[in-house]
Amino acid sequence: MASTKYEEKLSTDNMIKLVFKMAIPSVAAQVVNLLYSIVDRIYIGHIPNIGTNALAGVGVTNSIIILIAAFAQIVGGGGGPLATIALGKGDRKRAEKILGNGFFLLIFFAISASVVTYIFMNPILMTVGASSNTITYAVDYLSTYLLGTIFVMMAMGLNTYISAQGRPGIAMLSVIIGAVVNIILDPIFIYVFELGVKGAAIATIISQCLSALWVLKFLFSQKASLQIKMCYIKPDFRIIGSMVSLGIAPFIMASTESLIGFVMNGTLSKYGDIYVSALTVMQSAMQIISVPIGGFSQGFIPIVSYNYGHKNMDRVKQCFKITAVVMVSFNFIGTLLIIIFPKVVAAIFTKDVLLINKVSEMMMIFLAGMTIFGLQRECQSMFLALGQAKISLFIALLRKVFLLVPLVLILSRFIGVKGVFAAEAVADATAAILCTIIFRIKFPKILKANK
């Protein structure tokens, strides 16, 4: 077995240095990973003559792709913190069982999700906002993308277990390898081979395959202190139950993005495909802020989980203070810049003047509430790191299901298309405030109980 010195540093290193040492590779990995979808959309949006409709078609598939990928969060977001807490307690056998069962679940999820989606592809796409003008592009992209679902699952679901053993640099490389290959292959398959949106999907499959192979090679090797062992791949339903119990919150957090796509795209399609394209651009802009923050939280979660398992509450509180300042500040400044310069952002994705103007018109309405959303991301990540399944689940449901979906349906009836975009802002701000209040009440009690 490999040395445990990387794990032990989680409880001994200077906290500020440790947070950034763990978070920067994770942020870099997530930012590079964002390029998968951003680069696809940039190239697709600039395809001559069909760019705007093709962009809308791929934007519609995004809801389904997010839903499929969300199953990996049960293994990564649920099993990852549990494995790290187990390592902090010195229970390596349990950590290895969690990893082995996670590997089994990813294979099961990948096969099941791909088959079901392929069978019902057309009706699903029409439900989430595809039209007669965009359905062809949506089918071309999604039918090709589904062939690589197993690679997406492995790369996303298992990467967390590399960070859990204090090796964020290796986790970062798995994402960077795939993203760099994707950026290189996109223009070749889209323009040189003239495959259009199918070419973008093929480039993504090849890229995710390389990322998955990198992750698996490490986790099966002697270099890993937490390894995939064949004897633990056999399903243990008690382990799976605990993993699903905690992982359901990040699953819902991710999958409700899909639900929002269903509701918002479906509602906006009534006003015209141009608004579906505008939403695709604005959601991409939102990801420019939310993805680095998500990467930062993935970096600090192992620190909190390990020290919580080690019963070092002072280091848990210290980590919270540092990460709260970073996440809230970055979120506020980044969102503000996008609101101030919407046309600059839109021009990255399209040359269509009408689309650029629609994005500029709606951007402030759409993103206003996200200025304080860093509060929710910080608090929810802390609850997840502390293994608080029920609270994490409630917070995951709060913003998307309890607030955003009803607001989209209600506000669109009273103020039309602007109401669809305004619903996002109201839901983001309300959820951030409520989540902060809950955290302020619960956090001291959780730490006290663990002592």
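Asn101 sits in helix 4, residues 92-119 (helices are DSSP runs of H or I, at least four residues, numbered from the N terminus). Asn101 is buried, at a relative accessible area of 1% (buried means under 20%, with a 1.4 Å probe and protein chains only).

Keep in mind that this is a predicted model, where local features need pLDDT of at least 70, side-chain atom pairs count only at pLDDT 80 or more, and totals for chains, interfaces and linings use all residues. Residues are numbered from 1 along each chain as its sequence is written, and side-chain values use heavy atoms, without hydrogens and water.

Now look at helix 10, residues 237-268. Helix 3 (residues 51-89) and helix 10 have axes that come within 6 Å and cross at roughly 165° (axes are lines fitted to C-alpha atoms over the stretch in contact, and angles run from 0 to 180 degrees between N-to-C directions). The two, helix 3 and helix 10, are therefore roughly antiparallel (angles over 145 degrees). Their contact has 17 nonpolar residues, 12 polar and one charged.

Helix 10 also packs with helix 17 (residues 417-450), at about 160° with axes 10 Å apart. That makes helix 10 roughly antiparallel to helix 17. Met264, Thr267 and Leu268 of helix 10 meet Val417, Val420, Phe421 and Glu424 of helix 17.

Note on methods
Angles under 35 degrees count as roughly parallel, over 145 as roughly antiparallel, 65 to 115 as roughly perpendicular and the rest as oblique. Contact means heavy atoms within 4.5 Å. Ala, Val, Leu, Ile, Met, Phe, Trp, Tyr, Cys and Pro count as nonpolar, Asp, Glu, Lys and Arg as charged, and the others, Gly among them, as polar. Buried means under 20% relative accessible area, exposed over 50%, partly exposed in between (1.4 Å probe, protein chains only).
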